[in-house]
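Here are my notes on this one, point by point. Have the sequence and the model open as you go through them.

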Amino acid sequence: MDSAAAARSLLGLCLLLWKSGITFGRETWLTTPITPEIQRQTFSEDYIHLNVRNKTLQNSVGISVSYFCSKPCIVTLEAKASLEFRNTVLVYKKRWEGSRVRKNRTISVTFPNSMVFRDDYLIKRSLNVDYVILYAWIIHKESVVHHAPRAESYWRAVVQDYSFLDPVPPFERPYKEHKRCLTWYTEQAWKLQANRIPQCPCENDLMEINFPYASSGEGTGIVKKFQKFKNRELEAIRKHHLSYPAFTISLWLYLLCYCERALCGILYFINSGEMYGTPAVFLTNEDFYYDDTDGYLVLGGSGYVPGIKGYFGSVKYYRLNNLETRRFAHPFSNRDISERIEMFYQDCANIQSGGLLYSLVAAQEGDRLALMNLGYKHYRGVSNYPQDLEVSYAYYSDALVEAIRLQDDELLKALAKENGDIFIDYAKAAKYWLKAEAMGSPEATFNLGVLHLDGLYPGTAGRNRTAAAGYFYKAAEKGHMEGTLHCSQFYITGNLPSFPRDLEKAVLWAKYVAEKNGYLGHIIQKALKAYLELSWNEALLYYILSAETGIEVSQTNLAHLCEEEPNLTKRYFATDCIWKYYNFSISQSNAPSFAYLKVGDFYYYGYQNQSRNLDMSARMYAQAALMEDAQQSLIQKVQRWLKEDLFLEVKTQIQGGQQNQTHLLTQMALRRIQ
């Protein structure tokens with residue numbers, strides 16, 4: 001089997017990281033055990049045994065210690081607890097000497113108030129306790145090396161025993177009876193909040209993707225931004241993990257070929273300084289670092305590294321926990337889309353595949369229509385695709401028109417019409433670009449931003465991303481495509497104070513740039529030409545291709561074509577394309593009044609399986625009323641079902657250009673229904 005065929009396989013990648021102090025920076029299929037495995041010495045003459053009467057953690061726990069020493073010895077009893085912020089905290093310790101006498105000693109073990117009582121006016125905060133372990137062991141006096149570290153520790157014991165105590169949740173613990181009097185004011189204030197249980201925000205540490213993502217191997221991918229937890233305990237744990245990281249990553253991958261460069265991105269972190277952070281998993285990864293709130297997480301490619309060529313499936317990232325491998329379930333391992341992808345690449349001609357598989361395969365190959373189709377479906381959450389703005393942005397950014405980069409020396413030389421080296425006087429360039437920018441040139445504004453972004457602006461030291469972002473935004477406002485693209489990247493990453501993360505803006509700006517490509521315009525032009533030549537099948541094909549990418553004009557025209565040629569469209573559509581694409585059209589910000597009037601008619605008269613809905617009809621007519629070209633048609637439609645006095649009022653208000661036309665017409669529809 002050649003290397004390409006070997007790479008074309010299903011990979012289930014599960015990375016589980018141990019505690020930082022033990023195996024930090026290593027990849028493993030195991031996890032660190034919470035408690036060490038204890039080797040009991042059953043053949044020793046000495047023995048020790050713990051008998052705990054009540055294993056529930058409480059203020060005073062009665063423990064019976066039975067032991068025998070063959071030589072003069074030291075008996076030690078310890079209690080260690082795992083708390084919400086620290087592990088193996090020593091909370092109790094007692095030592096005594098023993099001799100060659102069998103004894104059974106009873107001890108009452110007490111614990112800190114914050115571990116066994118509820119919050120009150122003195123105990124300000126109860127601690128969450130994960131577990132408590134009681135250790136007991138015997139050390140012979142003659143074997144003790146004085147002043148040696150860990151000379152009398154549990155690990156050097158002759159015999160040893162341990163037992164667990166079951167913790168009690170903070171709000172199930174009793175109040176402590178303090179032997180002191182409160183002032184009247186303090187007592188009343190305490191009574192007001194004594195039995196109040198705070199409600200924590202519903203949060204968890206899991207980031208999850210359960211829908212397949214096609215990675216074309218370019219510099220684009222899914223961008224995830226993490227915020228601080230609102231839950232007090234989770235946020236405290238996150239801060240603790242800055243120095244003591246513990247997290248789990250589980251990935252489902254289908255690789256088509258090996259990485260063609262030094263590194264191909266799988267999952268990695270980029271911090272606020274636009275530097276690699278942790279976690280960082282490449283196709284050839286080496287190390288891990290951890291702080292996931294000071295930047296953003298990328299799955300696939302970015303501006304710094306290309307992505308893999310293949311598919312991402314189930315992705316799970318537990319920000320705060322080490323989990324065992326048996327606790328993972330991969331939805332894509334259950335013979336669904338993974339089998340179909342495998343069969344497709346094995347050239348099974350008889351495979352029956354749906355639109356999802358073909359869209360994924362085409363998008364992976366970089367087909368712009370497929371990329372825009374998937375971007376639109378995930379943006380709107382239609383056709384059984386989950387609404388996911390981050391995935392939508394990844395597809396739209398992959399479909400953007402390729403731009404000329406300053407690193408492309410050959411192309412720059414061709415444009416400069418010379419074969420020698422290129423020398424640029426940045427001081428003169430900045431001077432002229434500033435003049436052009438003052439005259440309204442968007443290209444000059446963008447170029448000034450590039451100088452700041454690359455650290456080439458005269459008189460400044462280093463890169464200034466904030467200044468660059470300001471120029472890019474100005475250029476975008478003037479319609480500059482590359483400036484708009486940069487702004488969408490700033491919005492998706494949220495790494496600049498002037499560009500806080502805004503997924504909606506990021507997707508809309510990337511969608512805007514993706515739709516301004518000549519190839520898509522060529523498809524729409526071919527659809528119109530076929531329609532004018534009465535080539536219905538060809539027109540239908542091209543309008544479907546462009547409508548599925550989210551282009552409003554194609555959606556409206558396709559719905560109209562479905563009305564004109566119902567017999568033709570019934571052969572190709574399982575659902576009613578008239579209802580579907582008119583509704584797609586009115587969901588766009590630039591939908592025409594014609595589409596609103598059509599949908600309004602559907603709701604007014606009732607359409608196939610849709611019952612009459614005068615309220616929705618009124619809303620559609622009201623929206624159309626805001627557009628001047630639809631006012632006369634709207635007045636005629638409203639006159640059908642409004643009383644004469646209400647009709648005159650509507651007509652007056654519409655022609656008067658009132659601001660509340662939508663609200664007015666909707667209210668009148670409701671009055672008519674009543």
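1. Start with Cys69 and Cys73, which form a disulfide with their sulfur atoms 1.9 Å apart. The cut-off here is a pair of cysteine sulfur atoms within 2.5 Å. The torsion about the S-S bond of Cys69 and Cys73 is about 65 degrees, so this disulfide is right-handed. Both Cys69 and Cys73 are buried, where buried means under 20% relative accessible area, exposed means over 50%, and partly exposed is in between (1.4 Å probe, protein chains only).

2. A word on provenance: this is a predicted model, in which local features need pLDDT of at least 70, side-chain atom pairs count only at pLDDT 80 or more, and totals for chains, interfaces and linings use all residues. Residues are numbered from 1 along each chain as its sequence is written, and side-chain values use heavy atoms, with hydrogens and water left out.

3. Next pair: Cys259 and Cys264 form a disulfide with 2.1 Å between their sulfur atoms. The link of Cys259 and Cys264 is right-handed, with 85 degrees about the S-S bond.

4. Helices here are DSSP runs of H or I with at least four residues, strands are runs of E with at least two, and both are numbered from the N terminus. The torsion about the S-S bond of Cys562 and Cys577 is about -140 degrees, so the disulfide is left-handed. Cys562 and Cys577 are both buried.

5. How many disulfides does the count come to? Three, by the distance rule. Counting bonded cysteines along the chain, the disulfides of the protein chain follow the pattern 1-2, 3-4, 5-6.

6. Cys257 is buried, with a relative accessible area of 18%. Cys487 counts as buried too, at 0% relative accessibility.

7. The axes of helix α13 (residues 465-477) and helix α14 (residues 481-493) come within 7 Å and cross at roughly 125 degrees. That makes α13 oblique to α14; angles under 35 degrees count as roughly parallel, over 145 as roughly antiparallel, 65 to 115 as roughly perpendicular, and the rest as oblique. Axes are lines fitted to C-alpha atoms, for helices over the stretch in contact, and angles run from 0 to 180 degrees between N-to-C directions. The crossing of α13 and α14 is left-handed, meaning that the near helix is turned anticlockwise from the far one by less than a right angle (right-handed if clockwise).

8. Which residues make the contact of α13 with α14? From α13 come Ala469, Phe472, Tyr473 and Ala476, and from α14 come Gly483, Thr484, His486, Cys487, Phe490 and Tyr491. Contact means heavy atoms within 4.5 Å. The residues of this contact divide into seven nonpolar, three polar and no charged. In that tally, Ala, Val, Leu, Ile, Met, Phe, Trp, Tyr, Cys and Pro count as nonpolar, Asp, Glu, Lys and Arg as charged, and the others, Gly among them, as polar.

9. Back to α20, which packs with helix α21 (residues 593-605) at an angle of about 130 degrees, their axes 9 Å apart. α20 and α21 are therefore oblique to each other, and α20 passes α21 in a left-handed crossing. Among the contact residues are Trp579 and Tyr582 of α20, and Phe594, Lys598 and Phe602 of α21. The contact of α20 with α21 divides into 10 nonpolar, two polar and one charged.

10. Last, have a look at Phe282, in strand β14 (residues 276-282). At 9% relative accessibility, Phe282 counts as buried. Leaving out residues up to four places away in sequence, Phe282 touches Leu263, Cys264, Gly265, Ile266, Tyr268, Tyr276 and Val305. Phe282 and Val305 are 23 residues apart in sequence and 9.6 Å apart in space, C-alpha to C-alpha.
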